[in-house]
Structures are given as C-alpha cells and as structure tokens.
Amino acid sequence: MTSSSTDTPAPVLVLVPGAAGAPADGSAPFQLADPAVAQLSVTDLVVTRGDGIFETIGAFDGTPINVGPHLARLARSASLLELPAPDQEVIAAAVYAAIEAHADVPELTIRVMYSRGIEGEDTPTCWIDAHVSADWAPYRTGIRVASLDRGLSTTVFDESPWLLQGAKTLSYAVNMAAVREAKRRGAQDALFVATDGYVLEGPTSTLLVRRGDAFLTTPVSAGVLPGTCVNTLLAALQDEGYEAGEELMSLQDVATSDGAWLLSSTRLAAPITHLDDTELPVDLGLTARFEDLLTGRA
Ligand code: PLP
C-alpha cells in the first residue's frame with residue numbers, strides 16, 4: 001500500500017488553546033485552523049529555545065494506533081521537562097478531529113506538539129498537524145543502517161537527567177543530523193551506540209532484535225524513548241509464547257542476530273538488511289505480520 005495520493009487533502013492544523021483543559025468559558029476546547037496562516041508567536045520558547053515536546057501518531061485507513069500510549073508518553077516527556085501536564089482527553093479529541101478532516105487517506109501522520117509557550121506566560125502552546133504520510137513502502141522491504149556514536153553512556157538517564165535522553169523533545173536537530181550522516185555513509189537510517197558499547201535506538205525508531213525464539217529491545221533505563229510500537233509487538237510475541245523483553249546488546253550481538261528491525265509509528269517495521277557492512281537475515285513474512293499487528297489488521 002502506498003500513502004501518496006494525487007488528490008492530496010490540505011494539511012490540517014488543530015489548535016488546543018492553553019492545553020490545560022477545556023476553556024472555563026465553555027468555548028470549544030480546540031479549533032481547526034489553516035496551516036498556511038501563521039499561528040505561532042516568534043517569542044514562543046519552542047522557537048527561541050527548542051523547548052517543547054511532541055508525539056507522532058500514525059493512522060491507517062482512518063484508524064490511529066496507540067493514541068492512549070502516545071499521550072501517556074507525552075505526559076511522561078512533559079514531566080521530564082517539568083512542563084504542566086497535558087490534558088490527554090482534550091488532545092485525544094483533537095487528534096480524532098484531525099483524522100476526521102482527512103477522510104480516505106490510507107496513511108496519515110499526526111504530530112502533537114506541546115511547547116513551553118510564550119516566554120513569561122507559563123502556558124504551554126499545543127497544536128496538532130496532520131498530513132499524508134511519506135511513502136514508507138521501500139523502508140518496509142529493508143534498510144541499510146549505519147551505527148553512529150551518540151557520545152553518551154547507558155547510565156545517562158539516571159546520572160544526567162538534564163540531558164533529557166528518553167524524552168521526546170522538540171530539539172531533534174541532532175537526530176536529523178544523524179540521519180543525514182547515515183545517508184552520507186550509504187545507509188537509509190542510523191543506529192545510535194552508547195559510549196559503553198551498547199546499541200540504543202534509531203534517531204526516530206526503536207530497535208528490535210531476534211535471537212532464536214527471543215525478541216529483544218534496548219532497556220528504557222539506558223536512556224532511549226519507550227517505543228509504543230515495540231511495546232505492542234513484545235506483548236503480542238509474549239502472548240504467542242516467545243521470550244520477549246529488554247536486554248543491553250552490543251553491535252556484535254545485533255550483527256550476529258537472526259534479524260533486526262527499526263520500529264516507528266508511521267514507518268512501522270523496517271527490517272535491517274545491513275548493519276554497517278554486515279548483512280543480516282531478513283524475514284519479510286514476519287515483517288508483514290508485525291505490520292498487521294501494529295496496524296490492528298492482524
Ligand atoms: N525512538 C525515538 C528517538 C523516536 O523518535 C521514536 C519515534 O518517533 C521511536 C523511538 C519509536 O517510537 P514509536 O514506536 O512510539 O513510534
């Protein structure tokens with residue numbers, strides 16, 4: 001299935017005023033807005049400092065996946081950044097409104113943005129933009145991945161919490177630079193490695209590794225984002241009787257594994273064909289089953 005369409009609907013912006021709940025005056029808790037018209041203040045701290053958090057939710061044939069877990073993770077990121085707790089109920093309703101504005105889109109990307117707001121006002125700015133997803137079909141058949149040093153150890157979450165590892169912040173310039181570096185190296189994506197030699201996550205994805213009948217991912221305590229997709233798959237695999245859980249793994253562990261994937265909410269499961277120069281086994285049947293489990297088609 002490809003997500004591109006010749007009749008592409010306009011992107012939709014949903015503004016959630018204040019983001020601390022429905023307005024006391026009884027007015028609507030959010031409004032649809034024109035994304036082509038300027039909405040954000042130049043003094044918003046997300047503009048001047050990159051100070052904010054976000055979530056990216058995928059919707060497939062009009063059904064979003066893992067809305068609850070995404071908004072719970074938004075709340076976790078808010079807590080790590082000492083931002084006011086987002087009103088998950090209002091934001092969930094706004095997410096569904098954004099989807100409704102995009103009838104008949106096979107694959108939709110919905111971004112929930114939550115910034116510290118205008119300097120001095122202490123009121124978060126929250127908005128949602130929804131647009132037709134990029135065509136990720138080529139990623140779902142296999143990607144080359146370059147390992148890149150993240151320059152931080154797996155103890156960073158506990159020892160240096162101000163570095164915000166494991167929070168989904170709006171300061172993603174480093175993550176985007178890592179993808180560009182991976183591309184310079186002839187790969188499609190990157191896999192971050194900690195200074196103590198353990199593999200972490202992709203710049204926008206979670207690592208899943210197969211070793212025989214065990215499916216493993218990096219522990220969240222190592223300072224990676226708790227992935228919603230990996231949680232869905234690990235729970236399903238456990239139900240099927242597989243061993244599934246977290247483990248610190250070296251690059252060599254991944255290179256000698258029985259398969260590995262990068263998982264994310266819009267790309268779904270991208271099997272790794274090569275980690276640097278090492279070829280990995282690829283199971284496209286299992287990858288398709290992962291896709292069905294993630295989109296709820298299973
Ligand atoms: N790790 C990072 C750094 C990410 O940015 C993302 C997704 O955006 C993920 C992992 C995967 O998370 P999810 O499965 O919830 O999409």
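Author: Let's take a close look at the ligand and its surroundings, then visit a few other spots.

First, some ground rules. This is a predicted model, so local features need pLDDT of at least 70 and side-chain atom pairs count only at pLDDT 80 or more, while totals for chains, interfaces and linings use all residues. Residues are numbered from 1 along each chain as its sequence is written, and side-chain values use heavy atoms, with hydrogens and water left out.

Now for the ligand. How many residues surround it? There are 17, and the closest are R73, K168, Y172, T228 and S265. To make that list, a residue has to be near, which means that one of its heavy atoms lies within 4 Å of the molecule or strand in question. Sorted by class, the shell is made of nine polar, five nonpolar and three charged residues. For that sorting, Ala, Val, Leu, Ile, Met, Phe, Trp, Tyr, Cys and Pro count as nonpolar, Asp, Glu, Lys and Arg as charged, and the others, Gly among them, as polar.

Next, zoom in on some polar contacts (pairs of N or O atoms within 3.5 Å; within protein, one must be able to donate a hydrogen and the other to accept it, and residues adjacent in sequence count only if both atoms are side-chain atoms). R73 has a polar side-chain atom 2.8 Å from an oxygen atom of the ligand. For Y172, an N or O atom in the side chain is 2.6 Å from an oxygen atom of the ligand. In T228, too, a side-chain N or O atom is 2.6 Å from an oxygen atom of the ligand. How much of the ligand does the protein bury? On its own the ligand exposes 390 Å², and the protein buries 96% of that. Accessible areas like this come from the Shrake-Rupley method with a 1.4 Å probe, and for residues only the protein chains shown count as cover.

Which elements give two or more residues to this shell? They are α2 (67-80), α6 (228-239) and β12 (260-264). Those labels are DSSP runs numbered from the N terminus: helices are H or I with at least four residues, and strands are E with at least two.

Y172 sits in the loop between α4 (156-159) and α5 (173-184). Because its relative accessibility is 17%, Y172 counts as buried; buried means under 20% relative accessible area, exposed over 50%, and partly exposed in between (1.4 Å probe, protein chains only). Leaving out neighbours within four places in sequence, Y172 is in contact (heavy atoms within 4.5 Å) with F54, P203 and T204. From Y172 to V156 is 16 residues in sequence and 18 Å in space, C-alpha to C-alpha.

Another loop, the one between β8 (189-193) and β9, holds G202. G202 is buried, because its relative accessible area is 1%. Not counting residues up to four places away in sequence, G202 touches A190, L191, F192 and L262.

Strand β9 (residues 206-211) is where you'll find R210. R210 counts as buried because its relative accessibility is 18%. A polar atom of the R210 side chain lies 2.7 Å from the backbone oxygen of G212. Neighbours within four places aside, the contacts of R210 include Y242, W261, D283 and D258. D258 turns up again beside P281, which touches S257, D258, G259 and I272 once residues up to four places away are left out. P281 lies in the loop between β14 (278-279) and α8 (284-295), and is partly exposed because its relative accessible area is 42%.

Back to helix α6, which includes D239. Is D239 buried or exposed? D239 is exposed, because its relative accessibility is 71%.

Finally, a look at backbone angles. Most residues other than glycine have a negative phi. L268, in strand β13 (residues 268-275), has a positive phi near 65°, and E82, in the loop between α2 and α3 (88-100), has a positive phi near 55°. L268 counts as buried because its relative accessibility is 1%, whereas E82 counts as exposed because its value is 67%.
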